[in-house]
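Please have the sequence and the structure at hand while reading.

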Amino acid sequence: MEFSYDVIVIGGGHAGCEAATAAANMGARTCLVTMDMNKIAQMSCNPAVGGIAKGQIVREIDALGGQMGIVTDATAIQFRMLNKGKGPAVWSPRAQCDREKFIVEWRRRLDRTPNLDIWQDQADELLVENGETVGVKTIWGVELHAKSVVVTAGTFLNGLMHIGRHQVPGGRCAEPAVPHFSESISRWGIRVSRMKTGTPVRLDKRSIHFEDTEEQPGENDFHKFSYLRSQPTLKQLPCWTCYTTPESHEALRQDIANSPLFNGQIQSTGPRYCPSIETKLVTFPDKNQHPLFIEPEGEDTNEMYLNGFSSSMPMETQLRAIHLIPALRDAKIYRPGYAIEYDYFDPTQLKHSMESKIIPGLFMAGQVNGTTGYEEAGGQGIVAGINAALRCAGSDPFVMRRDESYIGVLIDDLTTKGVDEPYRMFTSRAEYRILLRQDDADARLTEKAYALGLAGRERMDWWLQKKEDIERIVKFCDETSVKPSEINAALEAMGTTPLRMGCKIADLIGRPQITMAMLSEVIPELKAVMNTPENRKEEICEGAEIRIKYKGYIEREKMIADKMHRLEDIRIKGRFTYSELKEISTEGRQKLERIDPETLGQASRIPGVSPSDINVMLVLLGR
């Protein structure tokens, strides 16, 4: 057996799976190294994909030719589109998945990927020769050699789990930690630090009083994650909501001295936007209740996930507090919640391609870069896999701008600003979110992915047909007029002002009270032009309506983005010795020297680099 490859991917989580399939589908001979082939793409915390901004990332992964969206649609047991009461810039898909079937579907896709081998083992040492990565050595002494190595080790690097005062080494419940691999990377000058995350108890469904909860059904419309649409095959299930009580809060407060988060046992930083229940009590002492979401782990299991109750308190304390919640008064648990500390590497040491600035050929993706979430990991993973394969071919790296994708925003934030807490994506982090909608990820990325050799012909044809259909509808609405006598009665029935003179259909669609579907019922010609293939009709019409209704906002944001491209096109790497630039601020010099940005645009986003510092560099470049 040959242990020589183009690309080696370390870790079989969400980042690793996307990296491995992307590199292999681009033609690189790839090996995925994982400790347990039966836990591929394990959902370590909530068995759900998507959410605010995270759903947009999954749609981008899909548009690029990745797998997460397809796997999610195949294993979804509930789907919802979040933020539908707001504008389409922040609509975000979310799906509850069957945890076991998600693993099985991912494993099936890996097994069917050409150019991809799987090796069950544990990485122990990064192999470096002449300053470049050449492979890895495993705990069984196997040496795997490659031109590019992608590290996606999640929470396993020196992982340490906490339940009360009990501490157990591990990368995940019942799975061993990886003790030496971090040191084999950091010895080459790569900065390493620690972060913390956690997960809640798992409940036995049979012990829950659902009569004391509120049911949350899913939605059953045309929205899915993958642009390659398929019908859901699993039984669709509800979730349920309930609340903590003042009594449960008091039970937790009485034992706060045994909380690893507050007794000094855990020193590292946890996720601000997914706090433990004990952190909520300390941060919001005046609140007498917090929402909890009881979510199924699959269609064939009694295991339920208690969203909102992450904790590392002693097991007895967790149980006592849970039993003081009416719906959970008789609850049995499968396992308590726990916290986990793990190593991560400062992401400002990476290029936008996800390749190390210090060790050529070493790529990193996922929680090892200080992020949190399956979706953020998958987005980094597919970019790392693409660029690992491109490096082997001697091609230029693939980099997405901030106005091209949420993944581009994520990677730019990591490599430019770094992290001081686990990074989670939000729509508010993207300054061009009107351009980065969940409905148009294929418009932004599929042609790029096809040019790379990652997106297949089926996906490209699917997009080209959709593009043609949308443009046809938009053109018709922009060019076709209606007269007051033809439409006024209908407009009054829709609760909007009648016309005084004729106008284009697009102008009517721009009114907030009117939808394209409403107009199609009174304008037969519009209904005819909207008659696209049935399995895609709603998606195409939604895309066309958003383009028409928000045309002004979209064009304005494109204009702003185009202005910023001027700074992105000015390359400064290697053109300044920052320590000698006395014309700029001391903090600016220090930050620029540490991060060594590629472009003036990236430099402008570094915290501590002022607009006047950028102007000074522009003047010096002119000289």
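## Helix 1 and helix 9

Which residues in helix 1 meet which residues in helix 9? In this predicted model, H14, A15, E18, A19, A22 and A23 of helix 1 are in contact with Y374, A377, G378, G381, I382, G385, I386 and A389 of helix 9. Sorted by class, the residues of this contact are 9 nonpolar, 4 polar and 1 charged.

Two packed helices are described by the angle between their axes and the distance between the axes. Helix 1 spans residues 14–25 and helix 9 spans residues 374–392, and their axes come within 7 Å while crossing at roughly 30°. Because angles under 35 degrees count as roughly parallel, helix 1 and helix 9 are therefore roughly parallel to each other, and their crossing is right-handed.

An open sheet of 3 strands is arranged in the order 3-5-4, and its pairing is antiparallel. Its edges are formed by strand 3 (48–50) and strand 4 (76–82), each of which pairs on one side only. On average, and with direction ignored, neighbouring strands of this sheet are turned by 15° against each other.

Strand 4 pairs with strand 5 (residues 92–97) in the antiparallel sense over 6 bridges, and Q96 in strand 5 is the bridge partner of Q78. Helix 2 (residues 54–63) packs on the sheet, where it touches strand 3 and strand 5, and the direction of helix 2 makes about 85° with that of strand 5.

## The hairpin of strands 10 and 11

Strand 10 (residues 160–163) and strand 11 (residues 166–169) are paired in the antiparallel sense over 4 bridges, with M161 opposite V168 of strand 11. The two strands form a hairpin with 2 residues between them, and G164 in the turn has a positive phi of about 60°.

Note on methods. Residues are numbered from 1 along each chain as its sequence is written. This is a predicted model: local features need pLDDT of at least 70, side-chain atom pairs count only at pLDDT 80 or more; totals for chains, interfaces and linings use all residues. Side-chain values use heavy atoms; hydrogens and water are left out. Axes are lines fitted to C-alpha atoms, for helices over the stretch in contact, and angles run from 0 to 180 degrees between N-to-C directions. Angles under 35 degrees count as roughly parallel, over 145 as roughly antiparallel, 65 to 115 as roughly perpendicular and the rest as oblique. A crossing is left-handed if the near helix is turned anticlockwise from the far one by less than a right angle, and right-handed if clockwise. Contact means heavy atoms within 4.5 Å. Ala, Val, Leu, Ile, Met, Phe, Trp, Tyr, Cys and Pro count as nonpolar, Asp, Glu, Lys and Arg as charged, and the others, Gly among them, as polar. Two strands pair if DSSP finds at least two bridges between them.
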